[in-house]
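Visitor: I'm new to reading structures. Could you walk me through this one, a question at a time?

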Amino acid sequence: MAQERLEVIKEADLQNNCPECFNQELKLTFYQKHKYGRFFHRTTSEVSNQIKCHKCGSRIYPAKWTDDIERIFDYYQKMVSPEKASIKFTGFFYGLVLFLIVLVGAGAYLFLEGGFKF
């Protein structure tokens, strides 16, 4: 089963006021989803974000954003450059493919030499 992780691609400290506690310690974080499995590592094009207040610890959802927070968010969103969506195979995958090729080759050799009969 593939394991999913959100990797941080950009963080920024915001000087805007928190809508909950009116403090100026907000952090904007952008994440990109990565999937890790036994056979492959996959980078998806899915990017998510989160704004969190350091003082009260609350997550600021888009419904509570002020116009200033929205403007700053749009600015930082344009600056985010996620990795391209890709797939990388692991050594275990290549080892398994090599083993299967050797197994099929050995079976074909034995069949052609007459050492393997049905």
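Guide: A nonpolar core is a set of buried Ala, Val, Leu, Ile, Met, Phe, Trp, Tyr and Cys residues joined through side-chain atoms within 4.5 Å. Buried means under 20% relative accessible area, exposed over 50%, and partly exposed in between, with a 1.4 Å probe and protein chains only as cover. Keep in mind that this is a predicted model: local features need pLDDT of at least 70, side-chain atom pairs count only at pLDDT 80 or more, and totals for chains, interfaces and linings use all residues. Residues are numbered from 1 along each chain as its sequence is written, and side-chain values use heavy atoms, leaving out hydrogens and water.

Visitor: What pattern does the chain follow along the sequence?

Guide: Helices (H or I, at least four residues) and strands (E, at least two) are DSSP runs, numbered from the N terminus. The chain has two helices and four strands. Read in sequence, the pattern is β-β-β-α-β-α.

Visitor: Which strands sit at the edges of the sheet?

Guide: Strands pair if DSSP finds at least two bridges between them. Here an open sheet of four strands runs in the order β1-β2-β3-β4, with antiparallel pairing. Each edge strand pairs on one side only, and these are β1 (3-14) and β4 (86-89).

Visitor: Which residue of β4 is the bridge partner of R42?

Guide: Strand β3 covers residues 40-53, and β3 and β4 pair in the antiparallel sense over four bridges. The partner of R42 in β4 is I87.

Visitor: Which residues have the most contacts inside the largest nonpolar core?

Guide: In soluble globular proteins, nonpolar side chains tend to be buried together. The largest core in this model has 14 residues, and the elements giving two or more residues to this core are β1, β2, β3 and α1. Contact means heavy atoms within 4.5 Å, and L28 touches residues including I51, F73 and Y76. The ones with the most contacts inside the core are L26, L28 and I51.

Visitor: What radius of gyration does the chain have?

Guide: That radius is taken over C-alpha atoms, and the globule rule is 2.2 Å times the number of residues to the power 0.38. The C-alpha atoms fill a box of roughly 85 × 25 × 20 Å along the principal axes. A compact globule of 118 residues would come out near 13 Å, but the chain has 25 Å.

Visitor: How much of the chain counts as buried?

Guide: We use the cut-off for buried given earlier, under 20% relative accessible area. Of the 118 residues, the buried share is 21%.

Methods
Lists of a residue's contacts leave out its neighbours within four places in sequence.
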